[in-house]
Amino acid sequence: MVVANISDFRKDIKSYFDRVAKNFETLIINRGKDSGIVIMSLEEYNSLMATNHELSSRANEKRLDSAIEKLKTGKSFSKDLIEE
């Protein structure tokens, strides 16, 4: 996580954006007491939204927990893809 104030951010926007995009870092720009902006890469944002969706209902959460448990206990299986 990178933290910057608005003045420093303005001076070097491109390098901050490059750092966020290349290193999947989150940038927090402080704008005063208890106020700030968060900048993250699109990939990171999409990942958070997918996780939020997966955990949005108890049924989804149970399916995910079950799949994780199967992987941990070796009760999973794999299949080859059929190529045409």
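**Close-up views of salt bridges, sheet and core**

**View A. Arg58 and Glu61 in helix α4.** R58 is partly exposed in this predicted model, with a relative accessibility of 49%. R58 forms a salt bridge with E61, and the closest N and O atoms of the pair are 3.4 Å apart. Both residues belong to helix α4, which spans residues 58-73; because they are three residues apart there, about one helical turn separates them. E61 also counts as partly exposed, at 28% relative accessibility.

**View B. Lys14 and Asp18 in helix α2.** A salt bridge links D18 to K14, with 2.7 Å between the closest N and O atoms. The two residues lie four positions apart in helix α2, so about one helical turn separates them. K14 is exposed, its relative accessible area being 57%. D18 reaches 26% relative accessibility and therefore counts as partly exposed. Side chains of opposite charge can pair when their charged atoms come close.

**View C. Arg19 and Glu25.** R19 and E25 form a salt bridge in which the closest N and O atoms are 3.0 Å apart. E25 has a relative accessibility of 17% and so counts as buried, since the limit for that class is under 20%. R19, in contrast, is partly exposed, with a relative accessible area of 40%. The count of salt bridges in the model comes to three.

**View D. The three-stranded sheet.** The strands are arranged in the order β1-β2-β3 and form an open sheet with mixed pairing. At the edges stand β1 (residues 2-5) and β3 (residues 36-39), each of which pairs on one side only. From one strand to the next, the twist averages 20°. Helix α2, made up of residues 13-23, lies across β1, β2 and β3 and runs at about 160° to β1.

View E. Strand β2, comprising residues 27-30, pairs with β3 in the antiparallel sense over four bridges. Within this pairing, L27 has I39 of β3 as its bridge partner, and I28 stands opposite V38 in β3. Five residues lie between the two strands of the hairpin. In the turn, G32 has a positive phi of about 125°. In a regular strand the side chains alternate between the two faces of the sheet.

**View F. The largest nonpolar core.** Eight residues make up this core: V2, A4, F9, Y16, V20, L27, I29 and I39. Strand β1, helix α2 and strand β2 each supply at least two of its residues. I39, a member of the core, is also the bridge partner of L27.

**View G. The surroundings of Ile39.** When residues up to four places away in sequence are not counted, I39 touches F9, F17, V20, E25, T26, L27 and I29.

Note on methods. Residues numbered from 1 in each chain as written. Predicted model: local features only at pLDDT ≥ 70, side-chain atom pairs only at ≥ 80, totals over all residues. Heavy atoms only, no water. Pairing = 2+ DSSP bridges. Axes fitted to C-alpha atoms, helices over the stretch in contact; angles between N-to-C directions. Contact = heavy atoms within 4.5 Å. Salt bridge = Lys/Arg side-chain N within 4 Å of Asp/Glu carboxyl O. Buried < 20%, exposed > 50% of the residue type's maximum accessible area, 1.4 Å probe, protein only. Core = buried A, V, L, I, M, F, W, Y, C linked by side-chain atoms within 4.5 Å.
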